[in-house]
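Dear colleague,

Please find below the structure that I am handing over to you. My notes on it follow.

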Amino acid sequence: MSFAPSSDGLEALRPFNIPHLPPSFYYIANFITPEEEASILQKIPAQRWVTLSHRRLQAHPSTLTPNNTLLAAPLPPYLVNPVVERFKALGVFKKTPHRAPNHVLINEYQRREGIMPHEDGSAYAEVVATVSLGAPICLEISPKPGMGEKDDGSPSGHPEPAQAEVANEEEPVTSNEDEYDSEARTTPSQPHGSDARYKLPTRILQESRSLLITTSSAYTDLLHGIAPVDVDEDLSPDTIANWYLLAEPYVFEEAGGKNERATRISLTYRDVLKVSSAASKVFGGMGKR
Ligand SMILES: O=C(O)CCC(=O)C(=O)O
Ligand SMILES: [Fe+2]
């Protein structure tokens, strides 16, 4: 299987495209500064965490309703500035219905915590922008079993608490059709001389302060997850799809290809498709009674 060059319209992101993967993943190292990282971490409200079996999370401005509707409310300022401002400059959400993210899930993973392979599903536009805070972590990317089918019959495959964790227990994929033809996608960002060819599953290493953007068929046709381990091992240009886009690959080289997990927090920015204003919710709800 090979993939045509991306038609996601995100030209400004082209230098950050992760090569040899289905369109389109983009990785931007040092998207925020250490000071901005510390400031955001300090503002995440301690009382909002919802604890799941393998991680804890919080949703802003709120959790979606059971039919995947967002009750319109602004995002808190510390999630908007500087991150959303920078998304605008790069055009990250320029093609989504609301032209901006309206929802942020904050996930926290301690050592040995992770998230099962899953897709984020149809509640959102096909763009997720993930800011990583606190510590590096590997995101595992795998093909979606039975592509074109619904994963679990629910409106969204996203493992929010209501559908949590059970939604994506699919059989591991054994198909070997998934070696991507590196000839099909040469990008200016790929250093010459790399002969890396990626098979799925592969991994994307997310450093602290980085931004990972997942869009188009990378969003719709693949699963992503985080292994519940205390060390990510065997990190090298051959095993990490975004190796040449890392800020500090030598950190992992010097550690013998290992990343000792520490607490990592992610901010996942999305554009929820269905938004209901508070007023229409109240009157719509009353009308049905
Ligand atoms: O923490 C991450 O990077 C991934 C989180 C995730 O997949 C999700 O919230 O859907
Ligand atoms: Fe996800």
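Does Arg14 count as buried, exposed or partly exposed, and why? Arg14 counts as partly exposed because it has 14 C-beta neighbours inside 10 Å. By the definition used here, a residue is buried if 20 or more other C-beta atoms lie within 10 Å of its own, exposed if 12 or fewer, and partly exposed in between, with C-beta atoms placed from the backbone. Arg14 is found in the segment before strand S1 (25-28). Arg14 and Glu253 are 239 residues apart in sequence, and their C-alpha atoms are 26 Å apart in space.

Please note that this is a predicted model, in which local features need pLDDT of at least 70 and side-chain atom pairs count only at pLDDT 80 or more, while totals for chains, interfaces and linings use all residues. Residues are numbered from 1 along each chain as its sequence is written, and chains are lettered from A and ligands numbered from 1 in the order in which they are written.

Confidence

The model scores ipTM 0.99 and pTM 0.82. The mean pLDDT (the predictor's confidence in each residue, from 0 to 100) of the protein is 83, and 75% of its residues reach 70 or more. Two stretches call for caution. Over residues 148-156 pLDDT stays under 50, and the model has 17 contacts beyond four places in sequence for them. Over residues 160-197 pLDDT also stays under 50, with 73 such contacts. Two residues are in contact if their C-beta atoms, placed from the backbone, lie within 7 Å.

Overall fold

The protein has six helices and 15 strands; helices (H or I, at least four residues) and strands (E, at least two) are DSSP runs, numbered from the N terminus. Of its 289 residues, 39% count as buried. Among contacts between residues at least 6 apart in sequence, 84% join residues at least 24 apart.

Sheets

An open sheet of seven strands runs in the order S1-S10-S7-S14-S5-S3-S2, with antiparallel pairing. S1 and strand S2 (50-51) stand at the edges with a single partner strand each, so one side of each has no neighbour in the sheet. Two strands pair if DSSP finds at least two bridges between them. Strand S7 (residues 124-133) pairs with S14 in the antiparallel sense over seven bridges, and Thr130 has Thr268 of S14 as its bridge partner.

Strand S11 (residues 222-226) is mostly covered, with four of its five residues buried. S11 pairs in the antiparallel sense with strand S6 (residues 115-118) over two bridges, where His118 is the bridge partner of His224. S11 also pairs in the antiparallel sense with strand S8 (residues 137-143) over four bridges, where Glu140 is the bridge partner of Gly225.

Nonpolar core

A nonpolar core is a set of buried Ala, Val, Leu, Ile, Met, Phe, Trp, Tyr and Cys residues joined through C-beta atoms within 7 Å. The largest one has 59 residues, and Phe25, Tyr27, Ile204 and Ile213 have the most contacts inside it. S7 gives the largest share of this core, seven residues. Leaving aside residues up to four places away in sequence, Ile213 touches Leu13, Phe25, Tyr26, Val92, Val127 and Ala129.

Ligand 1

Around ligand 1 there are 10 residues, of which Leu105, Asn107, Thr130, Ser266 and Thr268 come nearest; a residue counts as near if its C-beta atom, placed from the backbone, lies within 6 Å of the molecule. Strand S5 (103-109) and strand S14 (264-272) are the elements that give two or more residues to this shell.

Yours sincerely
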